[in-house]
Amino acid sequence: MARLSASERARLPDSAFAYVDSHGQRRLPINDESHVRNALARFGQVRFESEDARQDARRRLLRAAKRYGILPVGFIDGELRSARERSAAGRLIIELARIDSSAALESELRRTLGDSNLAVLRWSKPAGTYVGCDGRAVALPDPSSTAQTTFLQGRGRPLMAIVHDPSVLQSPEITEAVMAAVHLVAGKELLDEIDDIGVATEGLPDGEVTFLLTDIEGSTPLLHALGDRYADVLADVRRIIREAVLTGGGRQVEARADEFVAVFEHPASAVEAAVGLQRSLAHHGWPDGHQVRVRAGLHTGEIVLTESGYVGVTVHVAARIMAAAHGGQVLVSAATAGAAAGVADVSFRSLGHHPLRGVPGSHELLQVEAPGLPSEFAPPAV
């Protein structure tokens with residue numbers, strides 16, 4: 001096949017190519033018999049913008065093959081095999097989208113890929129090795145084994161490994177679907193390994209206190225979008241919140257998944273901490289331009305501290321107030337607003353009385369307004 005020079009290629013019309021993408025880039029020249037044969041051989045290596053684009057290029061190529069009297073048996077066989085693999089990958093994506101643990105992923109992959117010996121292994125940082133779904137250390141197959149190991153890493157760190165029959169991940173489409181599912185499960189399970197889950201109850205205040213509760217708005221879509229990078233985002237969010245809490249004289253009570261619970265002896269300090277953390281989060285640079293918004297709710301009331309933690313309705317009311325807030329917003333109860341009156345540059349705007357799920361009666365919710373905080377939000381999410 002004579003190689004096209006840049007000038008020769010430039011003189012060819014778009015119709016001399018099987019595929020012209022949306023940016024005008026032309027691929028798979030079909031201007032003569034030798035180039036058609038080459039395009040038939042290379043068709044599977046091209047990444048098309050969409051399935052419609054692929055089908056259009058396929059039709060152009062087959063018409064060119066017919067024009068030159070080429071019977072593309074191998075091409076048609078490969079396309080049929082590729083179509084079956086893409087269909088299987090599509091089904092696999094649907095089936096794996098609901099998986100949220102390595103044990104469930106292992107079971108589903110064994111069933112859908114037909115490999116009863118497939119194993120999903122999770123990297124354990126404390127153990128310094130891969131562990132199975134039962135938490136026990138597992139040795140990876142040696143090079144002489146017939147099993148193949150596919151690894152998943154995040155930011156240079158091991159996350160998971162799949163031990164499988166080499167034949168089950170030969171298709172790029174199926175491999176991509178499987179690794180996407182492994183990536184998602186690894187991100188979810190990584191949250192469980194973050195060792196900052198709670199703190200000791202010793203020294204926590206009791207009696208009348210103010211609780212500050214936060215969580216990340218839209219954390220699940222954010223996890224899907226960021227994958228293993230979500231753990232770093234979560235760590236940054238926690239650090240920013242923790243710094244604001246400690247600066248305000250508060251204490252961390254618990255940090256689980258994307259939720260954070262803090263307690264303060266002084267309501268004014270709690271409000272100042274909430275304002276401070278929202279300002280810091282708003283000015284932080286998040287990956288890929290994503291917006292990470294945190295909801296914050298505060299309530300002041302009596303609480304009892306036991307060896308196992310706080311007992312009382314106050315923390316539940318604070319949780320319901322936080323759930324009514326939107327990302328970037330700070331909502332407080334009337335009790336907190338009254339006790340924190342006089343905080344510099346802070347005011348409270350009443351949003352009316354609202355029911356709080358699981359809490360009797362109707363409760364006034366007030367929005368904290370301060371320089372650097374947005375002021376326009378949808379009505380409380382009650």
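This is a predicted model: local features need pLDDT of at least 70, side-chain atom pairs count only at pLDDT 80 or more; totals for chains, interfaces and linings use all residues.
Residues are numbered from 1 along each chain as its sequence is written, and side-chain values use heavy atoms, with hydrogens and water left out.

Start with the inventory. The protein chain has eleven helices and 14 strands; these are DSSP runs numbered from the N terminus, helices being H or I with at least four residues and strands being E with at least two. Of the 382 residues, 43% are buried, where buried means under 20% relative accessible area, exposed means over 50%, and partly exposed falls in between (1.4 Å probe, protein chains only). The accessible surface comes to about 19,700 Å², and carbon and sulfur atoms own 50% of that; the areas come from the Shrake-Rupley method with a 1.4 Å probe, and for residues only the protein chains shown count as cover. As for contacts (heavy atoms within 4.5 Å), those with a separation of 6 or more are 62% between residues 24 or more positions apart.

Now look inside. In soluble globular proteins, nonpolar side chains tend to be buried together. Here the largest nonpolar core has 39 residues, and Leu212, Ile216, Val237, Leu298 and Val330 have the most contacts inside it. A core in this sense is a set of buried Ala, Val, Leu, Ile, Met, Phe, Trp, Tyr and Cys residues joined through side-chain atoms within 4.5 Å. Helix α8 gives the largest share of this core, eight residues. Take isoleucine 216: leaving aside residues up to four places away in sequence, its contacts include Leu222, Tyr230, Leu234 and Val237.

Leucine 213 is in strand β7 and counts as buried because its relative accessibility is 7%. The C-alpha atom of leucine 213 sits 5.4 Å from that of glycine 297, though the two are 84 residues apart along the chain. Among the other residues that leucine 213 touches are Val315, Ala318, Ala319 and Met322.

For a geometry check, the twelve residues of α10 (313-324) should span 16 Å at 1.5 Å a residue, and the end C-alpha atoms are 17 Å apart, which agrees; the expected span is 1.5 Å times one less than the number of residues.

Finally, the rings. The whole structure has four aromatic pairs, meaning rings of Phe, Tyr and Trp (its six-membered ring) with centres within 6.5 Å; planes under 30 degrees apart count as stacked, over 60 as edge-to-face and the rest as tilted. Phenylalanine 43 and phenylalanine 48 have ring centres 5.0 Å apart and planes at 40°, so they are tilted. Phenylalanine 43 is buried at 0% relative accessibility. Phenylalanine 211 and tyrosine 310, in contrast, are edge-to-face, at 5.0 Å centre to centre and 90° between the planes. Phenylalanine 211 lies in β7 and tyrosine 310 in β11, so this pair ties together parts 99 residues apart in sequence. Ring pairs also link Tyr19, Phe43 and Phe48 into a cluster.
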